[in-house]
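Here is a short report on how one protein chain is put together. Look over the sequence and the structure before reading on.

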Amino acid sequence: MNNILDLKPVLHGPSKKFFITTHHKPDGDAMGSSLGLYHYLKKLGHQPTVVTPNDYGSFLFFLPGEKSVIQYESDPQQAFSALKDCDYIFCLDFNRLSRINELGDAVRAAQQPKIMIDHHLEPEDFAQFQLHDSKAAATAELIFQLMVLMGDLHLMDAEIGTCLYTGIMTDTGSFRFASTSAEIHRTIAFLKESGVDHVKIHEAINDSWSFRRLQFMGYVLANKLQYLPEKKTAYITITAQELLDYDVQTGDTEGLVNYALSIEGVKFAALMVDRTVMVKISFRSKGTVPANEFSAMHFKGGGHLNAAGGQSSESLEVTERRFLEALENFYPQIIRDEKH
Ligand code: 5GP
Ligand code: MN
């Protein structure tokens, strides 16, 4: 493993081509850190390209540079040619190549040096350079640290700052999760002084719902929320038909699981969505309840202590049943948690 500081002569050297990729169904941190790095590299005179495995929520379309993003699923030729052409590969906000689907095999086989910047636990050893900190609240925070390490903070501007603010804001639940350190607030202060309009960002992310999405949320909360007070657990299942009925778009289910967690006393929440090819599951927890361990043990997933995800290749009904069975062994641990 090389030292990340060895990249300094590369970043400060002649113009190079950088391939930047991030995880499946990118969220605010995945897109914010990727586009923040994109603008930073451009400012250094390089030629970066951001390639995502697939699409993302329209609430991220406001990010500066978003129009330049290549989506592998809809444009594999262009994605592969950017990969073939590049000098370096940045992998952001994921630590296993399986998290970028088929693109992962191509990245694994690529000969160019890889740089992983990430904050998920237990990284896979596929990159020659790593800027990894599982205590970091967001990968966008690590992009900020990269600029500090390279002595480039003077290059911070409203474009880079808007992207990094978005990543940090979304991954900290708007600065409320335990990961929100004093350092994060200092970083945010610096971004604000660099011209970031935080009102515009919060409005773009939170006040950009379609009428249908809000109706879908109302339907789900009224009809689909299951509450198990004796297990301090709440969960939601969504069928493929319901996704069709409400014309649910990519990103529209984001945040739903947090409503299950917002019931007083609830420490563990799940959202199971039938995506036809598989059931995608999101887990959220409070205190020391290990959502990532539950996900890894039962649903081929992982993530952070309080926010994890996984999947099931069985039907939604079977998946729900398996979840409830697994919960029988897990809930004593939820009840025991003393932090809340
Ligand atoms: P979300 O529920 O928002 O999709 O994901 C929450 C967290 O769990 C994120 O940090 C994400 O990277 C992680 N995660 C989501 N799905 C998976 C998965 O299928 N496998 C692994 N290893 N992590 C996941
Ligand atoms: Mn992240």
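The report covers the basis of the model, the domains, their interface and the nonpolar cores.

## Basis

This is a predicted model, in which local features need pLDDT of at least 70, side-chain atom pairs count only at pLDDT 80 or more, and totals for chains, interfaces and linings use all residues. Residues are numbered from 1 along each chain as its sequence is written, and side-chain values use heavy atoms, with hydrogens and water left out.

## Domains

The chain is assigned domain 1 (4-206) and domain 2 (212-338). These bounds come from an automatic or database domain assignment. Taken over C-alpha atoms, the centres of domain 1 and domain 2 are 27 Å apart. Their contact (heavy atoms within 4.5 Å) takes 11 residues from domain 1 and eight residues from domain 2.

## Interface

Domain 1 and domain 2 bury about 740 Å² between them, with 55% of it on carbon and sulfur atoms. Buried area is the accessible area (1.4 Å probe) that two parts lose on being put together, summed over both. In domain 1, Phe59, His120 and Leu121 lose the most area to domain 2. Together they make up 42% of what that side buries.

Across this interface of domain 1 and domain 2, the rule finds zero salt bridges. A salt bridge needs a side-chain nitrogen of Lys or Arg within 4 Å of a carboxyl oxygen of Asp or Glu.

## Nonpolar cores

A nonpolar core joins buried (under 20% relative accessible area, 1.4 Å probe, protein chains only) Ala, Val, Leu, Ile, Met, Phe, Trp, Tyr and Cys residues through side-chain atoms within 4.5 Å. The largest has 50 residues. Leu37, Tyr40, Phe90 and Ile117 have the most contacts inside it. Phe90 touches residues including Phe18, Leu41 and Ile115, not counting those up to four places away in sequence. Another core, of 20 residues, lies apart from the largest one and has Val51, Tyr72, Leu103 and Ala127 among them.

Conventions:
Chains are lettered from A and ligands numbered from 1 in the order in which they are written.
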